[in-house]
Amino acid sequence: MSSICQEANQEFGPTLTIVKAAEEAAELSAACAKLATTKGIALKEWDNVVDETADVEITNERVALLYPHGPEEFERLVHERKVYKLKRLEGIINA
Ligand SMILES: [Mg+2]
């Protein structure tokens, strides 16, 4: 997938790549809000959350490719932060 993302970044440039990531994050946020306020099973709303999550994962990969220290370092740092935040969450739920 990264070669497609790299091609997309070259086509649209860094500014539009970052703006697209912000747009997709906002769409996922809206989809989650809609899901939370819909009564019942809400399969259509879940489908939208799935769709927007896919968009966010793609745009996250495209943003990682722009990172000055490289995408591997970006992913390593994100993983490091996730470990920290999951430990913090564990502390909250076990308090
Ligand atoms: Mg979208």
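The legends below walk through several close-up views of a predicted model.

View 1. The protein has 3 helices and 0 strands, and reading along the sequence gives the pattern α-α-α. With a radius of gyration of 16 Å, well over the 12 Å that the globule rule gives for 95 residues, the protein is more spread out than a compact globule. Its C-alpha trace spans about 45 × 35 × 20 Å along the principal axes. Of the 95 residues, 21% count as buried. The protein exposes about 7,200 Å², and carbon and sulfur atoms supply 61% of that area. Among contacts with a separation of 6 or more, 61% come from residues 24 or more positions apart.

View 2. Which residues coordinate the magnesium ion? They are Glu-24 (OE), Glu-27 (OE), Glu-52 (OE) and Asp-55 (OD), at 2.0 to 2.2 Å. Written as a sequence spacing, these donor residues read E-x2-E-x24-E-x2-D. Glu-52 and Asp-55 both belong to helix 2 (residues 43-66), where they sit 3 residues apart, about one turn of the helix. Asp-55, at 24%, is partly exposed. Glu-24, another of the donors, is buried, with a relative accessible area of 5%.

View 3. Side chains of opposite charge can pair when their charged atoms come close. Here Lys-20 forms a salt bridge with Glu-23, with the closest N and O atoms 3.3 Å apart. Both residues lie in helix 1, 3 residues apart, about one turn of the helix. Lys-20 also pairs with Glu-24, this time with the closest N and O atoms 3.2 Å apart. Glu-24 and Lys-20 are 4 residues apart in helix 1, again about one turn of the helix. Lys-20 is partly exposed, with a relative accessible area of 30%, and Glu-23 is partly exposed too, at 35%. Look for Glu-24 in the previous view as well, where it is one of the residues that coordinate the magnesium ion.

View 4. The side chains of Arg-76 and Glu-73 meet at 2.9 Å, N to O. Both residues lie in helix 3, 3 residues apart, about one turn of the helix. Arg-76 has a relative accessibility of 42% and counts as partly exposed. Glu-73 is partly exposed as well, with a relative accessible area of 25%. Elsewhere, salt bridges that share partners join Lys-20, Glu-23 and Glu-24 into one network. In total, the count comes to 4 salt bridges.

View 5. Arg-62 lies in helix 2. What does Arg-62 contact, leaving aside its neighbours within four places in sequence? Its partners are Cys-5, Ala-8, Asn-9, Phe-12, Thr-17 and Lys-20. Asn-9 is 53 residues away along the chain, yet the C-alpha atoms of Arg-62 and Asn-9 are separated by 6.7 Å. The relative accessible area of Arg-62 is 9%, so this residue is buried, the cut-off being 20%.

**View 6. Ala-42 has a positive phi in a loop.** Most residues other than glycine have a negative phi. Ala-42, in contrast, has a positive phi, near 60°. Where does Ala-42 lie? It is in the loop between helix 1 (2-36) and helix 2. Ala-42 is buried, with a relative accessible area of 11%.

**View 7. A nonpolar patch on the surface.** Which residues form the patch? Leu-86, Leu-89, Ile-92 and Ile-93 do, with about 440 Å² of accessible area together. One of them, Ile-92, lies in helix 3 (residues 71-93). Ile-92 has a relative accessibility of 57%, over the 50% cut-off, so it counts as exposed.

Terms used. Residues numbered from 1 in each chain as written. Predicted model: local features only at pLDDT ≥ 70, side-chain atom pairs only at ≥ 80, totals over all residues. Heavy atoms only, no water. Donors = N, O, S within 2.8 Å, 3.2 Å for Na, K, Ca; no water. Helix = DSSP H or I, 4+ residues; strand = E, 2+ residues; numbered from the N terminus. Buried < 20%, exposed > 50% of the residue type's maximum accessible area, 1.4 Å probe, protein only. Patch = residues over 30% accessible without salt bridge, like charges linked within 9 Å, V, L, I, M, F, W, Y side chains within 5 Å. Areas by Shrake-Rupley, 256 points an atom, 1.4 Å probe, with all protein chains shown as cover. Rg over C-alpha atoms; globule rule 2.2 N^0.38 Å. Contact = heavy atoms within 4.5 Å.
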